[in-house]
Amino acid sequence: MTDIATVAFTLGVVAYSVASTLFFLELARPDAQLGFRRWGPWAMGVAAVLHATHVVGASLITRVCPIASLQFALSLSALIAVVVFLAVRTRFRLHAVGAVVGPLALTFLVGAQFVDASRAESSGPRTLLMFHITANLVGVGLFLLAGAAGAFYLVQERRLKEKKTGGLSNKLPPLDALDRAEHRLLLAGFPLLTFGIVSGAVFAGRLGASGGTELLRAALGYATWLLVAAVLVMRAAAGWRGRRAAWGTLAGVACVVTVMLLYAVRAGGAG
Amino acid sequence: MITIVGLNHKTAPIAVRERIALPKDQIARALTQVAARSHVGEAMLISTCNRVELVTAPRAAHGDLVATAEDAADALAQIAPEVERHLYVYIGADAVKHLFRVASSLDSLVLGEPQILGQLKEAFDLARKAKTVGRALHRTVPRALHTAKRVRSQTALGAGQVSVPSVSVDLAKQIFGELAGRTVVLIGSGEMAETSAKLLRNAGARLIVVGRNAARVSVLSRAVEGEGFTWERLAEALVAADVVITSTSAPGFVVDHALLAGLRRRRKGRSLFLIDLAVPRDVEPRVESLDGVFLYNVDDLSKVVSESLASRAREAERAEAIVLEEALGWERWADAEQVTPAVVMLRERFSAVFRAELERSLRGRLKHLGSEERAALELMLDSALNKLLHSPTRRLRSVAAEHRLDADRVEQLVLSLDELFAVDEPGDAAAEDGDGDTVDSATEDAARRATGTESR
């Protein structure tokens, strides 16, 4: 089993690297060759399968449920982002976003290796903990993808405002497609984030978390929720779309990533 | 091999080109007439706004290409004698290369324009329907289409737009993606504005025409198949708009910052693409500071066009290399194909000898063989024939391809084969051998070995 997990991890790293390179080349090359369009998603799909194999294999070795350990949770959130990307890529015309999702998944897959794989301690109800972590993982995956779409929106918008219309602009997704994708992903992730915040508050109460890092993490969690809520509400009420929505989303994603980093720092320290 | 005789935008002005531009329904008849000429066996007419070219092939496989081209030129001159001095002629390999360049849009007025590929396919279909396509065109035109597809997929020759209206549509797609269901507002008139609006409408957008003159608005909205709005409804049109094209002769700004900023809430923050084709400008430049508003004026659009053209010129070098590679490949293949008739005759000759001997044996000493053994025997002889001819066939083709044989050399080769094997007398194969028994015995021995039986 150890061999399978190790081989899957190594091949997963290679496949994510290949996929990222292919997506990047497609953006960077002056001429778009059809082959790249086909191979990038395939390589990413293979990487996702290897990634999942690694997570399952490694969790069996350590006898820890994948969602009960921060190491696997970090890895899984990136895997979810990849799976959602592959699922909505054609529908939302997000193909080029693969150039961000690939490296992101690679970073999370490799970065998770430096985090303690043991089970997270909790005194709360087990089932609620599982739901709490699962909701957070899927939510984080969706927000990562929304953040990538938002980043691409800002790049494309800037290029169009500056009248840089050739080359890269032709290969980036249309502005409205990016804006729509970002909005839908936020809409999908927001209920999960809400559940994660509420259930997280329950666990925080039971654990009596009061350290500086814990408080910062909780504050950032609430800030994320508020930011995403503000982006969604202002969009509906005041027509905040495009650039403002993209910046709001990116700010929310930055908070989410910081929260995860704080978890990682704590787990690293514990380990 | 083929020849091409014709004229294009480089060799003849439009007044001359239009003299020999035939309507589609007359092309089939014209092709039939050309193909009926003494030297021409195959014909295809490429007729576009920028070129009229008659692609022909000789009646015989190794026919006179120069005479064929002369026939084709004569046919064009008969339609309009004044075209004669504008005609160019390509023969053989040059004609093939020219056809590949035309298909790849390297010879077009607008480098890399995609229409030529469809026009070439249509010309080929028309020629096929007129039954003026034979072996030569059947092997050359599809190769030209293949080359063009390779150029399009492996270079950026067709990337970017090269006219203001098409750039406008391209930019609208970069902002909105699909244009179906989007609303385009046309303010004022002008050829470029109307063309842009029509292109956007063809992409699925809804059109609204706004103007101060109600009668003019009515005429224009009918012309572009849009909806007419009076000037008082400008704000309403702007609220609905995704794309606005302005081309009025107003001395001041028609769409200003205050107007758009005021409409922002009603527009719910949707993106707005403003195309200002007017001089003096219709749209206040400051509107660009608004979120989701993208303003392009004539200078901006012209800059995009010139960048695309420059980029295409760079890509043309890569495209030329592909065309050259394909043309050389075609030449090698065509050279090898020159010996095909000789190979076919040789195979027929050998096959006839083998069949005759087999039949004689099966009627004589091997008549006791059952159907399975007979089938095995036939299979064995076919296999022997293939093995026997494999090496000479391959060598013939390779010699022809490597040494670029001309028609005379091919003829010499065929004559040599004829001398050695009496290639053109297949009917005598069975009767000619005086020692039929010897052949019989050899065949029977082979049969015994193949079927494992003893003769009785």
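How much accessible surface does chain B have, and what percentage of it belongs to carbon and sulfur atoms? The accessible surface of chain B comes to about 21800 Å², and 52% of that belongs to carbon and sulfur atoms, where accessible areas come from the Shrake-Rupley method with a 1.4 Å probe and, for residues, only the protein chains shown count as cover. This is a predicted model, in which local features need pLDDT of at least 70 and side-chain atom pairs count only at pLDDT 80 or more, while totals for chains, interfaces and linings use all residues. Residues are numbered from 1 along each chain as its sequence is written, chains are lettered from A and ligands numbered from 1 in the order in which they are written, and side-chain values use heavy atoms, with hydrogens and water left out.

Chain B has 456 residues, of which 48% count as buried; buried means under 20% relative accessible area, exposed over 50%, and partly exposed in between, with a 1.4 Å probe and protein chains only. Its secondary structure comes to 17 helices and ten strands, which are DSSP runs numbered from the N terminus (helices H or I with at least four residues, strands E with at least two). Among contacts in chain B between residues at least 6 apart in sequence, 71% join residues at least 24 apart, a contact being heavy atoms within 4.5 Å.

We turn next to the interface. Here 31 residues of chain B meet 23 residues of chain A, and the two chains bury about 2200 Å² between them, 41% of it on carbon and sulfur atoms; this buried area is the accessible area (1.4 Å probe) that two parts lose on being put together, summed over both. On the side of chain B, the residues that lose the most area to chain A are Gln174(B), Asp291(B) and Phe294(B), which together account for 27% of what that side buries.

Across this interface the rule finds five salt bridges, each a side-chain nitrogen of Lys or Arg within 4 Å of a carboxyl oxygen of Asp or Glu. In general, side chains of opposite charge can pair when their charged atoms come close. One of these bridges joins Glu288(B) and Lys163(A), at 2.2 Å from N to O. Asp291(B) takes part in a salt bridge with Arg243(A), at 2.4 Å from N to O; the pair runs from helix 9 (residues 242-270) of chain A to the loop between strand 9 and strand 10 of chain B. Asp291(B) also meets Arg244(A) in a salt bridge of 3.2 Å, N to O, and because Asp291(B) lies in that loop of chain B while Arg244(A) lies in helix 9 of chain A, the pair joins two chains. Asp291(B) is buried, with a relative accessible area of 11%, whereas Arg243(A) is partly exposed at 28% relative accessibility and Arg244(A) is partly exposed at 36%.

Within chain B, where does Asp107(B) lie? Asp107(B) is found in the loop between helix 4 (93-103) and helix 5 (115-129) of chain B, and with a relative accessible area of 4% this residue counts as buried. Its side chain makes a polar contact of 3.1 Å with that of Asn8(B) and another of 2.7 Å with that of Lys10(B); a polar contact is a pair of N or O atoms within 3.5 Å, where within protein one must be able to donate a hydrogen and the other to accept it, and residues adjacent in sequence count only if both atoms are side-chain atoms. Leaving out residues up to four places away in sequence, Asp107(B) touches several others, including His9(B), Arg51(B) and His98(B).

A further salt bridge of chain B links Glu194(B) and Arg216(B), whose closest N and O atoms are 3.5 Å apart. Glu194(B) lies in helix 8 (residues 191-202) and Arg216(B) in helix 9 of chain B, so the pair ties together parts that are 22 residues apart in sequence.

Some backbone features remain. Most residues other than glycine have a negative phi, and most peptide bonds are trans. The peptide bond from Val279(B) to Pro280(B), however, is cis, with omega near 0 degrees, and Pro280(B) lies in the loop between strand 9 (272-276) and strand 10 of chain B. Glu225(B) has a positive phi near 55 degrees, and this residue counts as exposed at 59% relative accessibility.
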